[in-house]
Amino acid sequence: MSRTPAYDMQIFKKRREKLAQHMEADSALVLFSNPEFLRNHDSFYEYRQDTNFFYVTGFEEPESVCVYRPSQKPEYVLFVRPRDPLRETWDGFRYGPDGTKKYYGADEVYVKEDLEKKLPELLGSVKNVYFRLNQQPYNDKVMLHAIEASKALTGRSGRGNVGILDSAEFLGEFRLIKDAAEIEWQKKACEITAKAHAETMKFVKPGLNERQVDAYIQYQFRYNMSPRMGYGSIIASGNNATTLHYVFNDQPCKDGDLLLIDAGGEYNYFSGDITRTFPVNGKFTSAQKEFYNHVLRVQKEIVSLVKPGITFQSLHDRAAEMLAEAMIDLKLLKGSKEENIKNQSHKKYYPHGVGHWLGMDVHDAGLYKVRGEPRMLEPGMIFTVEPGLYVPQDDQSAPKELRGLGVRIEDNVVVTKNGCENMTTLAPKEVSDIEDIMG
């Protein structure tokens, strides 16, 4: 049995070269893979490589370590599992050191058992290490020991302590701005996700259980070649939609209720993240329609405002203002918009932000503030736009016809030179379009 990489290794080589241009002089980047497949006796749970490890290496096997030392020899080193015919019979193919060196472009490849011996040698000539502390106790133990042991190997050189810089923050700034290939992968993830939502709208009807709806949308993702879900789906009918991170997904979908679905599929490690809310029976009541259209108006307005040079924070502030106005119109709040924003009364029904960075992680890497100031949007940034309103069933202060309504509408946008592109338009969100597709 043999395998070849599913990705063009030049993509990852170019990424490493770009990182090298911004790393401190005489520094190393050290990344650990996600731990071995989670086991439950003889059963295995699905494995996904650590995002940053994959971003730099393209290597998907567990129990691996990457050491990247620009301008030093060897420059790019991987530690991997050895070939093992018995384990490969049970668990699947391994590249081993020879196969990894052949296909993945590393200058040197060692078996993982050599890590504690070789890592101090590789760190002996560096002044700083980019490494993420507090991810796994084993990783910290190995790294801190290697840093200390590397000092002993240099003798009385007068070398000070090796500095530790946060690799996650460093890599996050590169992952935030997507290149053309990454945007295409993101668009494919969004296309798969949007089609799955549209097909699921056709499937839903009264009497189904949320679990059946969950199963159907997962089928749509897999059928369209998504290898996995980007995150655990939220399939929330009726009052369940007023719980922001509802995860039970096990209640009946009742005639007359709304159904909120927040689900996304991956493609090449990039995730879609779409939320749609629609009536279980395919027809909005007048109260549901009014409530829904308030959220839709805000969502469309925020998408229209996205362009380079504005801040992400300004989008959130505008969404909060418009939703506060909606709450007053719906008689959920009293007083002026300004008063409710000032005393944060609007957070009772809109407790979250307007969106988040999106990419290889569903809540993707990248700072929202730079040197304490809100970050300006730039071309290549990708994020969600997802305003919502949530009125719990037991809220006696709310109009009776609005109790138990939860609506969130979420699209995925990429910032372009002059504005943005909405990548998830294949999932219907206009009332008439939803009713047509469900009919």
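Q: Leaving aside neighbours within four places in sequence, which residues is Glu435 in contact with?
A: This is a predicted model, in which local features need pLDDT of at least 70, side-chain atom pairs count only at pLDDT 80 or more, and totals for chains, interfaces and linings use all residues. Residues are numbered from 1 along each chain as its sequence is written, and side-chain values use heavy atoms, with hydrogens and water left out. Contact here means heavy atoms within 4.5 Å. With neighbours within four places set aside, the partners of Glu435 are Gly282, Lys283 and Phe284.

Q: Does Glu435 count as buried or exposed?
A: Buried means under 20% relative accessible area, exposed over 50%, and partly exposed in between, using a 1.4 Å probe and protein chains only. Glu435 has a relative accessibility of 16%, and therefore counts as buried.

Q: Which residues of helix H13 are buried?
A: Helices are DSSP runs of H or I with at least four residues, strands are runs of E with at least two, and both are numbered from the N terminus. Helix H13 covers residues 431-438, and its buried residues are Val431, Ile434, Glu435 and Met438.

Q: Within what arc do the buried residues of H13 fall, seen down its axis?
A: An α-helix has 3.6 residues a turn, so residues three or four places apart point the same way. The arc is taken from the directions from the helix axis to the C-beta atoms. The buried residues of H13 line one face of the helix, because they fall within an arc of 95°.

Q: Where is Glu36 found?
A: Glu36 is partly exposed, with a relative accessible area of 32%. Not counting residues up to four places away in sequence, Glu36 touches Tyr47, Pro62 and Glu63. Its place is the loop between strand E1 (27-32) and strand E2 (39-40).

Q: How many helices and strands are in the protein chain, and what is its radius of gyration?
A: The protein chain has 13 helices and 20 strands. The globule rule, 2.2 Å times the number of residues to the power 0.38, is compared with a radius taken over C-alpha atoms. For 439 residues the rule gives 22 Å, and the chain is close to this, so it is as compact as a globular protein of that length; its radius of gyration is 25 Å.
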